[in-house]
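Subject: Structure handover and notes

Dear colleague,

My notes come after it.

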Number of protein chains: 2
Amino acid sequence: MKNTVYKNTDKILLAVDCIIFGFDGKDLKALLVKRAIEPEIGKWSLMGGFVKENESVDAAATRVLSLQTGLSEIYMEQLYCFGDVERDTAGRVVSIVYFALIKIDDYSKDLMKEHHAKWFSLDMLPTVVFDHRKMIDLSILRLQEKVVSHPIGFELLPAKFTLQQLQALYEAVYNTTFDNRNFTKKILSLGLLVKLNEKDKGSSKKGSFLYEFNHDQYRQLNKEGLRFL
Amino acid sequence: MKNTVYKNTDKILLAVDCIIFGFDGKDLKALLVKRAIEPEIGKWSLMGGFVKENESVDAAATRVLSLQTGLSEIYMEQLYCFGDVERDTAGRVVSIVYFALIKIDDYSKDLMKEHHAKWFSLDMLPTVVFDHRKMIDLSILRLQEKVVSHPIGFELLPAKFTLQQLQALYEAVYNTTFDNRNFTKKILSLGLLVKLNEKDKGSSKKGSFLYEFNHDQYRQLNKEGLRFL
DNA sequence: ACAAAAGTGTTCACTGTACACCCATGT
DNA sequence: ACATGGGTGTACAGTGAACACTTTTGT
């Protein structure tokens, strides 16, 4: 263990909490778990864990996410540090909140049972422990800002998707509706989508064309930002 | 001291570092101090301090800021948590970075000497300790994003200011130039400015009118966001 | 009278938005 | 044949961007 020269300073418990968003084709959802430790055991909660002495905060978030979801390579971003003295009723714990986006089908039913996890629509969230509600509210705001300026919405969709699915996602994020002609025009003009020679026949007799991303353009727009809306 | 039920978990030193921006009428500047403790004592650094067990992280940032500047009621915002294991060469310290905006004339020369502080133009920053350079770079980005969507630029100007000063500030933030007719038109259309019956004769024979904010409109736009640029 | 900065309008291109009908297919 | 969702084009208004001359006043 590395020694420190800083004396007479307080050490504090540091946690990470992760909010995971998914999209089921209709609603935006957040993945919550039943808290496994006291206090407030059994109540709905974001998934979290403590940061270890020899572990970066980012690594702690990655660890918690992969432990709970079984997934690596998750899109993840630091959201905010919640540092009120009384935020955790059982002790002084400062929490760094991360938000993550996953394709909802990637999350296995087995893990769901194992961790007592459940997807909740954002407008039907249960009561959650501590200040987790504030964390969720902030992350929804951040998701909206982010979607305007970066094509991260795609992190939530399967590799092949229809324009209808994409539009439904944007409508769910903004909780509004868009004119489908304008939406199509706008999104295609970004040069981000590649039209495939395949149709998804799941939702209509005619079937609708599937698209995938132009990954180069995706990275480009993610780096330099875009303006949708 | 509140007891904790969390056992076998590592406690970590938590610091806050503050980056303070100011504007001298021409350049955007950051306030740096000579680090007062080992290691790296005497090197340029953001001003910082440790979070105490019974103090919220926000309160720690406020404490550091008022201690160093003598000012209360500073515009301040949490920026990011830097949590790499090796970021501080002398021990494991996780740092929460805040950025603050002050009117450069509010910062007294006396405190400047007392803390060995100095304003640096953003394009002439000295080498700073640890990962403080990353903190500064990130905060500049955040400042730019913020200025587009909120009228925070005004935090940096004196109570009465000319359109020329305001434009110079925006030009400094974006490191570009604007057409003065378009700038004036846009900024006046926001209903944010109140034209005074006073002129500032400091910079020309003709003198230019002073403005102040419409504080109600200011609060309104700060809450709901705006789009400049 | 002249130098130096302040102040002010118009035109044009583009982008966002509103709006409705035909197409393809399975039953 | 018909019902269902998929796919497409045009017209208008509002906004952003380019552009130059007149005004004021101290010296």
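What follows goes through the salt bridges, then the strand pairing, and then some backbone details.

Please keep in mind throughout that this is a predicted model.

Salt bridges

A search over all chains of the whole structure finds 22 salt bridges. One of them joins Asp131(A) to Arg87(A), with the closest N and O atoms 2.7 Å apart. Asp131(A) lies in the loop between β7 (117-121) and α3 (132-149) of chain A, while Arg87(A) lies in the loop between β5 (75-82) and β6 (93-101) of that chain, so the pair ties together parts that are 44 residues apart in sequence.

Another salt bridge in chain A is formed by Arg133(A) and Asp137(A), whose closest N and O atoms are 3.1 Å apart. Both of these residues lie in helix α3 of chain A, where they are four residues apart, or about one turn of the helix. Arg133(A) is partly exposed, with a relative accessible area of 36%, and Asp137(A) is partly exposed as well, at 34%.

In chain B, Asp137(B) forms a salt bridge with Arg133(B), and here the closest N and O atoms are 3.2 Å apart. Because Asp137(B) and Arg133(B) are four residues apart in helix α3 of chain B, about one helical turn separates them. Asp137(B) counts as partly exposed at 34% relative accessibility, and so does Arg133(B) at 37%.

Strand pairing in chain A

Which strands pair with β10 (residues 208-213) of chain A? One is strand β8 (residues 161-162) of chain A, which pairs with β10(A) in the antiparallel sense over two bridges. Within β10(A), Leu210(A) is the residue that stands opposite Thr162(A). Another is strand β9 (residues 193-200) of chain A, which runs antiparallel to β10(A) and is joined to it by five bridges. Leu193(A) has Phe213(A) in β10(A) as its bridge partner.

Backbone details

Most residues other than glycine have a negative phi, and most peptide bonds are trans, which is the background for the places listed below.

In chain A, the peptide bond from Glu38(A) to Pro39(A) is cis, with omega near -5 degrees, and Pro39(A) has its place in the loop between β2 (28-34) and β3 (44-45). In chain B, the peptide bond from Glu38(B) to Pro39(B) is also cis, with omega near -5 degrees, and Pro39(B) is found in the loop between β2 (28-34) and β3 (44-45) of chain B.

Two residues of chain B deserve a look for their phi values. Asn8(B), although not a glycine, has a positive phi of about 55 degrees; this residue lies in the segment before β1 (11-23) of chain B, and at 81% relative accessibility Asn8(B) counts as exposed. Phe130(B), also a residue other than glycine, has a positive phi near 50 degrees, and Phe130(B) lies in the loop between β7 (117-121) and α3 (132-149) of chain B.

Key. Residues numbered from 1 in each chain as written. Chains lettered and ligands numbered in written order. Predicted model: local features only at pLDDT ≥ 70, side-chain atom pairs only at ≥ 80, totals over all residues. Heavy atoms only, no water. Pairing = 2+ DSSP bridges. Buried < 20%, exposed > 50% of the residue type's maximum accessible area, 1.4 Å probe, protein only. Salt bridge = Lys/Arg side-chain N within 4 Å of Asp/Glu carboxyl O.
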